[in-house]
Every structure is written in C-alpha cells, then in structure tokens.
Amino acid sequence: MRAEPETGGGAAAPFPAPSPWGVTLAIGGLYVAQSVIGGLTWSGLPAVLRAQGLPLEHVGLLSLLVAPWALKVLWAPAVERFRLPAGRPARSGAVVLIGGGAAVAGLAAVGLIGPTPLLATLAALMAVAFATATVDIAVDGYAVQTLRERELGWGNAAQVGGAYLGHALGAGAFLAAVGWFGWGPAVGLAAGAVALLAVPFLMRARRGEPVGAPGPRPSLRAALARPEIRRGLVLAAIHVAAQKTAMGLLGPFFIDQGWSLAQVGLLNGAGSLALGIVGAGLGGGLVRRLGMRRVLIGAAGVQACVLALIGLHAATGALPTAALIALALTGGSLVMAVGFVALYAQFMRWSDPRQAGVDFTLFQSADAAVSMLTGLAAGALAGALGYAVFFSIAAGLALAAVPALLWATRAAR
C-alpha cells in the first residue's frame, strides 16, 4: 500500500503542492521523448534494416539495446541517493539535463554513422539507451514522489499516452522521414524533438522540487524485502511476455509483405497514435470499472486471438489487407495500451515514495529484461521457422499467460 504524503512522498519541509496538470505536462514530455528513442530503435530501425536486406537474425540483435533498461536497477539506488539529498531540494532536473544532453549527442552520432555498419550503430544507440534509462529513474521517482495517490492516474496517463505518442514519432514519423529525406536528416529531426520535449520538465524543476526527507538510504534490499514488490516482478514478467513478444517483428513482417518504409511508418505512426491514445483512455476507464486483474487477463486473451489470426495469414494469405492492418493496430496499440495502463497503475501504488525511483525501476527492469529475451528469441524463431510458426507460438504464449495472470494477481486490487 502506497503511503499518502502531505506534500509529496519524500517531502520533509513545506513544498507547495504542484498542479497535477503541470506535473503531467512536464513528465509527459519526457515520457514522449523516451518513446521517440524507443520507437526509433525497436520499431523504426528494424524496418530500415530489413529494407536493406539484413537477415531477421541480425535485426533481432537490436533487442540487446533493452539491456540498459533491464540493468538500470543496478544503478537506480545511486541515482536516487543523488536525486534525494536529505534536507535539500531534489535534483531531478540535474539528472534530466545531464542524461538528456548525452542522449541527444548520441542520437547525433547515430545520424552521422548511418543505419549500417550495424555494430557501430548499436554501440551509439547503446550509449543513448544508458542515458535515457538513467533519466527515466529520476522521472518516475519525481512522478510518484510529487503526485498524491489520487492523482497517480495523471502520471500513469502521461506514461502510457506519452509512450504511444513517442512511438508514433519514433517508429512512424521517423520511418516516413527516412523514406522521404534519408537517414541523417530523419535522425536529426528525432534528436531535435527529444531536446524540445525535455524543456517543460526542466522549466518546472527550476521552480523547485520536494525536499528530501531523512531516513534510510534508497536501496534494492529495502525494495525486495516488500512482498508487493516481489509479486510485481512476477506480474511484469508474465504480462510483458504475453504482450510484447511479437511486436518488434510486425514492421519486418510488413516489409516482407511488400510494403515500403513510408507505408510502414504511416501505419506505425498515425494508426498507432490514434489507437494507443484510445487504448490509454479505455484502459483507465476499464481499470476503474472492472479492476486491474480483469483488465490484464482480458488483454492477454485478446492478444492471443490477434496473434493467432496474424499467424494464420502468414501461413495462408487468407486475410484482406484491411483486416491485417486492423489486427496489427489492435494488438500493437489498442490492447497493449489497455493492459499497460492497468499494470503501471498498480506499480505506482506499490512504489514507496521515499525511494520511488528504485521501486518503480525494479518493475521496469523486469519489463525490459523479458522484452530483451523475447525479442532475441523472436528474431531467431522467425528466421528459422518462418512468420507463420512464430506468430502461432507468440499466440500460444499469450494464451498461456491467462492462468499465470490469475495466479499473480490474486491479491492485487
């Protein structure tokens, strides 16, 4: 159970309660920026590489870029100790400024290198991922610490809605820009967008942050000692395996169906954005009406059906193009948004405001670790067995998640 702070979870001295709208705008800009980078990396770049003829096994290597997100829990306590000095204002703005500057510089290097040679591009994007993952620790901690429990829905909406808007820019608009202008200018536009999106948060941080409270230093040991944290790690692994296993290969699948980069970009962009935002709103309403447990289980069941139909089309070509597009958008945007609204709302409730950056990072690291492992396996399976078998396996995994989610959520609200 998350404690209800008087003036933000870590406040030990008077701190004017900020407007939920202002905080949502500030953190939302950073969540969008992070997802621009993620969309470019995990959805946009795979389609570019496949269009250049790289095998699926090589495309699957991009899943290694999830490693900083899986491992950031190792340095999250150090970031939180720096961010929350006892008796002094928090330093979230400093973390964002340093990490965001490093991410923009790394993207500039990616634009100069080009999509190939792949190893050089991977190295530059790995540096970007480390910087962005570090910024995310501070942003999540700031959100949980600053917003009261009844306002956490705003922060959760900023996370999920920002993720889909950022993905639309990073995977959709970016791919369209590569098709129209070329690699370098497209990456330059992405870097500029990331820099601009950080401005609202930096301006808010300059006006003051909560004062760090005296008490135990943030640590992984304190987090893992709490049963709700351990339960959340299992829940994250099950849900992510059900929802994300096949998503990274939808772009290459459409490329192999004869689509152009611009067409895939428009699908990932406009379609993903529209249904992702609808899904975020729908997820919030469903969680309030039905509860987190039913929403997660329902999302896994629907995803299983979607992936089974895509696998059927890969094997037989039986579905019309419009139906295939609808399935891809339903599974990749609408259903995922609904499910992750429920999941992250629960994670925010389970996070302790006194070390929110550590607790929430633990959950996200479980998400990232499973995403990386399933992404690597996805590339190998699709390359060896073909899309039809791969999507069928992914559908079976989503279906198997239903009883596992029933078990993992038995004590959650």
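1. A quick definition before anything else: two residues are in contact here when heavy atoms come within 4.5 Å. Keep in mind that this is a predicted model.

2. Let's start with helix α11. Its buried residues are covered by elements that include α10 (220-224), α14 (292-316), α15 (321-350), α16 (356-385) and α17 (387-408). The buried set in α11 consists of Glu228, Ile229, Gly232, Leu235, Ala236, Ile238, His239, Val240, Ala241, Ala242 and Gln243.

3. The length of α11 checks out. With 18 residues (227-244) at 1.5 Å a residue, the helix should span 26 Å, and its end C-alpha atoms are 26 Å apart, so the two agree.

4. Searching the whole structure turns up two cavities of 30 Å³ or more. The largest cavity holds about 1,300 Å³ of space. It has 50 lining residues, and the closest to its centre are Gly38, Trp42, His167, Lys244 and Met336.

5. Who builds that lining? Two or more residues each come from α1 (20-51), α7 (152-181), α12 (250-256), α13 (261-290), α15 and α16. With nine residues, α1 gives the most. By type, the lining of the largest cavity splits into 26 nonpolar, 21 polar and three charged residues.

6. The second largest cavity contains about 80 Å³ of space. Its lining is made of Gln34, Ile37, Gly38, Thr41, Trp42, Leu65, Trp69, Leu125, Val128, Ala129 and Thr132. The elements giving two or more residues to this lining are α1 and α6 (118-146), and α1 has the largest share, with five residues. Seven of the lining residues of the second largest cavity are nonpolar, four are polar and none is charged.

Methods:
Residues are numbered from 1 along each chain as its sequence is written. This is a predicted model: local features need pLDDT of at least 70, side-chain atom pairs count only at pLDDT 80 or more; totals for chains, interfaces and linings use all residues. Side-chain values use heavy atoms; hydrogens and water are left out. Helices (H or I, at least four residues) and strands (E, at least two) are DSSP runs, numbered from the N terminus. The expected span of a helix is 1.5 Å times one less than its number of residues. Buried means under 20% relative accessible area, exposed over 50%, partly exposed in between (1.4 Å probe, protein chains only). On a 1 Å grid over the protein atoms alone, a cavity is a set of points where a 1.4 Å probe fits but cannot get out, and a pocket is an open set with protein on both sides within 12 Å along at least five of seven lines; lining residues have an atom within 4 Å of a point. Grid points are joined across faces, edges and corners, and a volume is the space filled by probe spheres set on the points. Ala, Val, Leu, Ile, Met, Phe, Trp, Tyr, Cys and Pro count as nonpolar, Asp, Glu, Lys and Arg as charged, and the others, Gly among them, as polar.
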